[in-house]
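Let us walk through this structure step by step. Keep the model in view as you read.

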Amino acid sequence: MDQKSTNSNLASHLLSERESGIVNSFTDERIASKLMAMGVLPGSKIEIIRIAPFGGGFYIKVDGHGLAIRKKEAEAIVLEM
Amino acid sequence: MVKQQLKKIALIGNPNSGKSSLFNQLTGLQQKISNFPGVTVEKKRGKTKLNKEQEITVVDFPGTYSLYPTSQDERVVLNVLANTNDENHPDLVVYVADVNFLEKHLLLLTQIKDLNIPIVFALNMMDQVEAKGIEVNIPKLSTLLGIPVIPISGRNGYNLEALKDAISQNLESTENTSKKTKGFYRLSKQEQKITQGICRDLEIKNTYQALLIAHHAGQLPFLNTEDETTVQKICSEEDFKDLPAQIEETMQRFNTFTPILEKVIKKPVLTESSLTDKLDAILIHKIFGPFIFFLLMFLIFQAIFEWANYPMDWIEAGFINLTSFLKNTLPTGWATDLLTDGVIAGLGGILIFIPQIAILFFLIALLEESGYMSRAVFMFDKIMQKFGLNGRSIVALVSGGACAIPAIMSTRTISNWKERLITILVTPFISCSARIPVYTVLIGFVVPPVVVLGIFNLQGLLFMGLYLLGIIAALGSAYIFKKILKTQESSFLLLEMPEYRLPIWKNVWISVKDKVTTFVVEAGKVIMIISVLLWVLASYGPGDEMAQVELATQSQALEQQLNEVETADLIASKKMEVSYAGHLGKFIEPAIEPLGYDWKIGIALITSFAAREVFIGTMATLYSIGSSDSEVTLRNRMAAEINPDTGLAVYSITTSLSLLIFYVFAMQCMSTLVVVKKETGGWKWAVIQFIFMGVLAYLGSWLVFQIGSVL
């Protein structure tokens with residue numbers, strides 16, 4: 001995982017809303033397989049629309065397509081810097 | 001003419017692809033709902049006429065993103081498609097995708113294509129294309145995919161005839177379309193070896209089918225143990241790692257079809273924020289979001305609670321009139337009693353729930369169809385997770401405040417089985433409308449109707465306390481079940497947030513009709529049997545005790561110079577005492593004595609298993625005021641009841657409170673129990689729930705009475 005220095009996972013800069021970036025890779029295979037089946041792929045443009053009212057969830061847009069994910073799932077997404 | 005097996009087609013597509021709308025368009029009201037064999041996944045089946053001669057069966061499958069399932073619902077699609085011998089295995093797949101999200105909706109299509117199942121591609125939502133400025137080259141898409149593509153709209157029925165023609169043509173020429181086209185996925189060396197082995201040993205022709213079997217061996221119900229071992233041996237010899245292989249496959253498929261789409265579809269770049277974005281800014285706002293949600297839930301609660309009252313009153317009055325009409329016209333005797341007090345009472349007990357079920361599902365269907373439900377799930381997922389529940393559970397818990405039956409039926413939208421099961425198990429703890437009459441009668445014995453702290457009515461406070469107790473019991477036991485229950489299914493949120501849209505009324509109507517029919521037909525059967533059984537228990541007694549009691553009571557009534565109504569009430573009361581239910585009540589008296597109950601309460605506990613509100617009716621009969629339907633009369637009579645041994649009031653504060661606690665916790669509702677059985681696919685969970693709630697009720701009441709007696 002020498003890419004860690006150049007990439008950061010989604011959750012790490014989720015603290016402010018309206019963040020966006022390009023998906024680079026995933027850190028969890030099971031979550032990756034599920035995310036990819038839904039069209040979240042390396043190269044997808046990902047944008048955080050808002051955080052759930054009670055925390056724990058993110059409303060994201062992937063290539064303009066709305067998706068709700070848990071924090072755990074967001075943490076598995078590595079963005080390109 | 002010999003009735004031949006109709007050809008079967010399957011509707012398959014991603015969630016939110018508009019599959020159900022198309023299904024409703026094709027089959028109309030001629031739908032049958034059952035479960036896929038062995039699982040409680042809903043299978044909707046219907047028939048449609050392709051042309052004058054040809055009729056086919058259409059099966060609506062659960063929405064899924066790929067043939068690598070993560071939930072019970074999605075698994076069904078794999079199990080059926082990867083098993084050519086499955087009874088539901090289709091002759092042709094109609095693949096439904098939303099033209100707006102074509103680039104996300106094609107993965108599953110390419111997988112099914114590689115299974116060599118004939119496909120007709122129904123490109124849905126074409127009614128929106130013009131307004132959004134999307135251009136699609138349909139003939140080119142069809143050529144590049146090697147599949148007939150028909151642009152349609154499930155919303156307004158556009159081009160359905162063309163779709164039917166295409167289905168008809170492709171069903172007839174099945175042989176031709178299964179000609180080898182270039183696959184969407186090139187297997188790795190390792191996968192080639194594995195699939196060759198599986199094809200050889202399991203006698204399978206299709207390579208991709210073999211690959212799916214390699215991935216999912218151990219979870220496929222159609223593989224026998226021998227084949228399973230063979231497959232697992234082949235895979236472990238090659239040191240096959242399924243997850244990386246699956247990711248590689250998904251990548252490759254996207255890489256194959258994305259360039260195709262770039263050639264055939266043109267979309268304008270969106271710059272301004274859409275209506276959906278504007279609505280979301282309010283509807284899932286940090287503060288307004290939950291506030292609006294609770295407002296909506298409050299409206300739903302009111303609707304089930306208040307609006308349903310009118311039709312429920314009509315149904316009730318109708319049944320009362322019918323009963324008295326029959327009693328007056330038919331000859332008196334057991335047959336008439338069985339018909340009126342057993343069968344018709346049972347029927348009334350079923351039909352009375354229809355207004356609540358219909359209203360709840362009408363409103364839920366509106367929320368689902370409009371896209372709001374996904375937002376609600378998103379907002380409450382975190383909190384519900386803590387209790388082993390799902391964001392969607394909140395709908396069940398709130399509607400449980402009106403009636404647990406529609407609430408439990410609404411859990412079908414929870415795809416994770418464990419989360420759904422826990423929701424089903426704890427929802428009946430929420431105080432439903434049937435508990436209100438019981439609470440109303442008993443609360444008066446516990447606290448007086450005085451105002452405390454200036455504004456609070458003490459009885460109102462106790463009322464609220466009972467509701468709170470129910471909520472605490474629901475969440476608390478959910479937490480316990482979360483710790484106990486194990487599941488292999490991993491829990492994901494990963495939920496699509498579809499664009500807001502106007503509900504399709506046809507879908508709403510069909511959803512309501514389905515829920516009501518399922519309840520009446522499925523739950524109705526069992527409720528009817530239990531109702532008749534309870535009638536037998538309350539109307540018959542061992543030996544000729546009943547006849548003797550009737551004679552004795554009549555002479556007693558003569559001596560006391562009672563009028564006709566009073567005599568009838570007294571006889572009913574005495575007969576109830578010597579009935580099987582009465583004997584049962586006395587039999588369980590030692591068990592319920594530590595809770596502060598006498599045998600009369602025992603009888604009411606038994607009969608009110610039919611439904612909690614029956615408690616009132618039974619009490620009225622037992623206290624010889626059966627002909628009066630006033631709760632005030634009953635309360636006055638109960639207040640005057642003295643325990644012959646102690647000389648104290650039977651309905652002391654402690655006994656009444658203990659009884660209230662019992663009704664908060666106990667599963668005193670056969671209809672709910674039957675619905676739980678239906679929704680969980682067997683009696684196991686219904687029985688566990690009954691016992692769990694019963695034990696909690698017993699312990700709670702015991703504690704309250706014992707502590708109360710010491711104080």
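Start where strands from two chains meet. Strand E5 of chain A, residues 65-70, is joined to E12(B) by two bridges. The two strands run antiparallel. Strands of a sheet pair through backbone hydrogen bonds, either parallel or antiparallel. Remember that this is a predicted model.

Now widen the view to the whole interface. How many residues of chain B are in contact with chain A? There are 38, and they meet 35 residues of chain A. The size of an interface is often given as the accessible area lost when the parts come together. Here chain B and chain A bury about 3500 Å² between them. Of that area, 65% lies on carbon and sulfur atoms. Which residues of chain B lose the most area to chain A? They are Lys104(B), Phe378(B) and Leu494(B). Together these three account for 21% of what the chain B side buries.

Lys104(B) comes up again when we turn to charge. It forms a salt bridge with Asp63(A). The closest N and O atoms of this pair are 3.0 Å apart. In total, the rule finds four salt bridges across the interface of chain B and chain A. Polar contacts cross it too: the rule finds 13 residue pairs, with both residues at pLDDT 80 or more.

Which elements of chain B supply this side? Helix H12 (242-264), helix H13 (275-283), helix H18 (372-386) and strand E12 (495-496) each give at least two residues. H18(B) gives the most, with eight residues. Sort the side of chain B that touches chain A by class, and you find 20 nonpolar, eight polar and ten charged residues.

Next, look at a sheet within chain B. It is an open sheet of seven strands, in the order E2-E3-E4-E1-E5-E6-E8, with mixed pairing. Why is one side of E2(B) and of E8(B) left without a neighbour in the sheet? Strand E2 (31-35) and strand E8 (149-151) of chain B stand at the edges, each with a single partner strand, so one side of each has no neighbour there. From one strand to the next, the twist averages 25°.

Strand E1 of chain B, residues 7-13, pairs with strand E4 of chain B, residues 55-60. The pairing is parallel and spans five bridges. Find Ala10(B), and opposite it in E4(B) you will see Val59(B).

Technical notes
Residues are numbered from 1 along each chain as its sequence is written. Chains are lettered from A and ligands numbered from 1 in the order in which they are written. This is a predicted model: local features need pLDDT of at least 70, side-chain atom pairs count only at pLDDT 80 or more; totals for chains, interfaces and linings use all residues. Side-chain values use heavy atoms; hydrogens and water are left out. Contact means heavy atoms within 4.5 Å. Buried area is the accessible area (1.4 Å probe) that two parts lose on being put together, summed over both. A salt bridge is a side-chain nitrogen of Lys or Arg within 4 Å of a carboxyl oxygen of Asp or Glu. A polar contact is a pair of N or O atoms within 3.5 Å; within protein, one must be able to donate a hydrogen and the other to accept it, and residues adjacent in sequence count only if both atoms are side-chain atoms. Helices (H or I, at least four residues) and strands (E, at least two) are DSSP runs, numbered from the N terminus. Ala, Val, Leu, Ile, Met, Phe, Trp, Tyr, Cys and Pro count as nonpolar, Asp, Glu, Lys and Arg as charged, and the others, Gly among them, as polar. Two strands pair if DSSP finds at least two bridges between them. Axes are lines fitted to C-alpha atoms, for helices over the stretch in contact, and angles run from 0 to 180 degrees between N-to-C directions.
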